Amino acid sequence: MKFIGEKLEGKEYEERRTSYGLIFNEKGEIAVAYIKKYNMYNLIGGRIEGQETSKQALIRETQEEIGYSLKDIEYIDNLGCYYYFDIMDKYELGIMDFYKAKLDERICNPIEEDHQLTWVKPEEIVDKMYFEYHRYIINKYIEQLKELEQYRNNNLKIYYKLQDKKIIADIEKATIEGYNKAIEYFDIHNCTKEIIIYVYNSIEELHLDVFGVKKEEWEVSCGEDNLVKVVTPANSGKVHDYNTILEIISKSVADIILHDNFKNIPKWLDITTYITGLSTETNTYSKPSIMRLKCNNYFNYSDCYFITRYIVETFGKDTVLEILKNPSKYNEILKLSDEQIDKKLEEYYG
């Protein structure tokens with residue numbers, strides 16, 4: 001996640017998790033809430049409450065603020081921002097999800113009567129927005145409209161720059177392969193999940209947009225909700241090649257299907273790498289260990305792959321599906337403790 005704003009030394013920041021909508025009409029105007037008593041313009045949305053998902057929070061906040069339901073809801077970004085909220089006289093760290101959407105129907109009277117729905121062109125309102133993070137996300141959207149082309153086929157959208165037009169067919173094929181392998185392996189019926197792919201010109205561009213800083217060269221993709229952000233296969237960097245980027249797209253799409261249908265998946269179970277063929281290695285470079293992976297500050301993709309491979313090849317697909325449905329009971333399902341699993345892994349891989 002990218003962070004903006006200045007974090008001041010000696011100040012305590014209260015974390016505030018929120019969800020906002022870039023809600024557009026057919027004229028390309030954006031919906032904002034004008035709060036007269038503060039002379040403030042905000043995006044529609046607000047705090048995520050209790051066990052709500054960010055999408056559920058946006059739907060609820062839209063009803064409370066302007067009395068409408070939403071349609072065509074599409075996750076587009078997340079962002080962190082350090083800021084001083086002068087109205088409340090406190091410092092906050094905003095952790096935000098953003099969605100693109102359209103208003104559907106008027107379904108109730110707004111609870112927050114001081115929120116006046118206003119339609120305006122994004123470029124005309126951006127500098128009037130009260131919060132820095134609202135200005136940032138609207139500006140980013142305006143720039144993307146200028147730079148990005150869009151390809152759409154059924155439930156797939158690909159946003160790309162013109163120079164990548166010739167490789168869209170390969171990206172589409174990789175997406176469909178990941179989608180189909182996931183629904184077949186996980187035995188999912190009537191799946192209509194929309195997949196959105198953003199293609200970046202370089203690893204540096206991807207890192208700055210997603211993380212705000214340069215990361216390791218091997219980090220070429222990021223997935224969230226139904227959105228995959230990935231570097232173009234045509235400029236894959238020093239670690240990966242063209243075909244590997246396509247395989248990473250397939251895995252990322254399979255991950256979206258997996259996490260949309262199963263919850264609380266053990267972090268050691270990397271079944272999508274296995275089923276998409278992203279890794280076909282047979283030799284481990286270190287001893288894979290569930291015990292080690294369960295430490296909060298440790299994660300290793302290689303360990304996850306080789307643990308998963310052992311589980312699949314020893315116990316079979318049906319056992320994997322049973323673990324996905326009952327993740328907290330994997331020891332009972334395998335009839336092995338974590339210590340015994342680690343011992344079996346050592347024997348299996350020599």
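Start at N226, which touches Y75, K193, E194, I195, I196 and I256, leaving aside residues up to four places away in sequence; contact here means heavy atoms within 4.5 Å. This is a predicted model, where local features need pLDDT of at least 70 and side-chain atom pairs count only at pLDDT 80 or more, while totals for chains, interfaces and linings use all residues. Residues are numbered from 1 along each chain as its sequence is written, and side-chain values use heavy atoms, with hydrogens and water left out.

N226 sits in the loop between β11 (221-224) and β12 (227-231). With a relative accessible area of 5%, N226 is buried (under 20%; exposed is over 50%, partly exposed in between, with a 1.4 Å probe and protein chains only).

The largest cavity holds about 70 Å³ of space. Its lining residues (an atom within 4 Å of a point) are Y75, D77, N78, V210, C222, G223, E224, L227 and K229. Two or more of the lining residues come from each of β5 (68-85), β11 and β12.

F299 is partly exposed, because its relative accessible area is 42%. W218, V239, F299 and Y301 make a nonpolar surface patch of about 430 Å².

Technical notes:
Patch = residues over 30% accessible without salt bridge, like charges linked within 9 Å, V, L, I, M, F, W, Y side chains within 5 Å. Areas by Shrake-Rupley, 256 points an atom, 1.4 Å probe, with all protein chains shown as cover. Salt bridge = Lys/Arg side-chain N within 4 Å of Asp/Glu carboxyl O. Helix = DSSP H or I, 4+ residues; strand = E, 2+ residues; numbered from the N terminus. 1 Å grid on protein atoms, 1.4 Å probe; cavity = no way out; pocket = protein on both sides within 12 Å on 5 of 7 lines; lining within 4 Å. Points joined across faces, edges and corners; volume = space filled by probe spheres on them.
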